[in-house]
Amino acid sequence: MARKMKTVLVTGATGGLGPTVVNTFITAGWQVVATFRNADKFAAIQGTRPSEELIGHHVGDLCRANDFAHLTSRLAVRHSGFNAIVHLVGGFKTGDSPEDLDEMLEVNYLPARIIGHAAETLVEQGGALIFISSALTKLPVITRPFGLEGYINSKLALNGLSLRLAKLFAGKIRVNAILAGILDTVANRAAKSDGNASLMSLESVAAPILRICHPEGQTTGHLMEI
Ligand SMILES: NC(=O)c1ccc[n+]([C@@H]2O[C@H](COP(=O)([O-])OP(=O)(O)OC[C@H]3O[C@@H](n4cnc5c(N)ncnc54)[C@H](OP(=O)(O)O)[C@@H]3O)[C@@H](O)[C@H]2O)c1
């Protein structure tokens, strides 16, 4: 009997990093189930791929618990259990005010918290859950650049969530966060005025994500700087 294809759920698949992560998993023989809120962006990723390689789920606003609840119940009905979840939903804005922090927590922490707890039912025993945090969270407070308090604190909350879920799901699901530098996305290239040499290639982030998700992987409870 043919072995079941490994399946990964990628949330936020239509962002700067998403298409590279999707390609990396498909190239390695995984089936990808991707969430998107913009059908045109998803169609661009889907291209002419066969539908068994890449399945899309249109979602509303994943910062809203109700929209997320619709998604998780749909996923539970349509898919029999993921080997991994790669949660890419997130955002960036500058600002140090409490309102900036609220806005950043809403996109970088709340959806992660909801998918994190849903992972217990969506992910198979021995599977993996990965969050993407920021290398900026490793900076000592004294050296943090001004204007990034909201963003950095929201990603620190994500780091804490990742460690807590690793403990909660110990022996069942491996949970890790990647602490990424500034990525070589279209948006970052456009925003950078001093050249793109220091941008991290998207493949250099997608490769360790794939490695951690391997069903025989052991790593859990790590905040991985790459
Ligand atoms: N880019 C970097 O330099 C960098 C550095 C460190 C960490 N990270 C983290 O890595 C992850 C991926 O980065 P990225 O550059 O791909 O980010 P991105 O381009 O901003 O994409 C984020 C994804 O999340 C989706 N999304 C955002 N808010 C949503 C909402 N309320 N409901 C549903 N979906 C929502 C976006 O959908 P749409 O496509 O429809 O907009 C997009 O697919 C993020 O968590 C980011 O914070 C990125």
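Which backbone nitrogen does the side chain of threonine 35 reach? Select threonine 35 and glycine 12 to see the pair: the threonine 35 side chain comes to 3.1 Å from the backbone nitrogen of glycine 12. This is a polar contact (a pair of N or O atoms within 3.5 Å; within protein, one must be able to donate a hydrogen and the other to accept it, and residues adjacent in sequence count only if both atoms are side-chain atoms).

The model is predicted, so local features need pLDDT of at least 70 and side-chain atom pairs count only at pLDDT 80 or more, while totals for chains, interfaces and linings use all residues. Residues are numbered from 1 along each chain as its sequence is written, and side-chain values use heavy atoms, with hydrogens and water left out.

**Stop 1: threonine 35.** Stay on this residue and show strand S2 (residues 31–36), where threonine 35 is found. Strands (E, at least two residues) and helices (H or I, at least four) are DSSP runs, numbered from the N terminus. Threonine 35 is buried, at a relative accessible area of 2%; buried means under 20%, exposed over 50%, and partly exposed in between (1.4 Å probe, protein chains only).

**Stop 2: the ligand.** Select the ligand and the 27 residues around it, among which Thr14, Asp61, Leu62, Lys155 and Asn188 come nearest. A residue is near a molecule if one of its heavy atoms lies within 4 Å of it. By class, this shell divides into 11 nonpolar, 12 polar and four charged residues. Nonpolar here covers Ala, Val, Leu, Ile, Met, Phe, Trp, Tyr, Cys and Pro; charged covers Asp, Glu, Lys and Arg; the others, Gly among them, are polar.

Now pick out oxygen atoms of the ligand. A polar side-chain atom of threonine 14 lies 2.7 Å from one. Helix H4 (98–108), strand S5 (123–134) and helix H6 (149–168) are the elements that give two or more residues to the shell.

**Stop 3: glycine 127.** Follow strand S5 to glycine 127, which is buried at 5% relative accessibility.

**Stop 4: threonine 72.** Move to helix H3 (residues 65–78), which holds threonine 72. Threonine 72 is buried, with 16% relative accessible area. Its C-alpha is 8.0 Å from that of isoleucine 115, 43 residues away in sequence.
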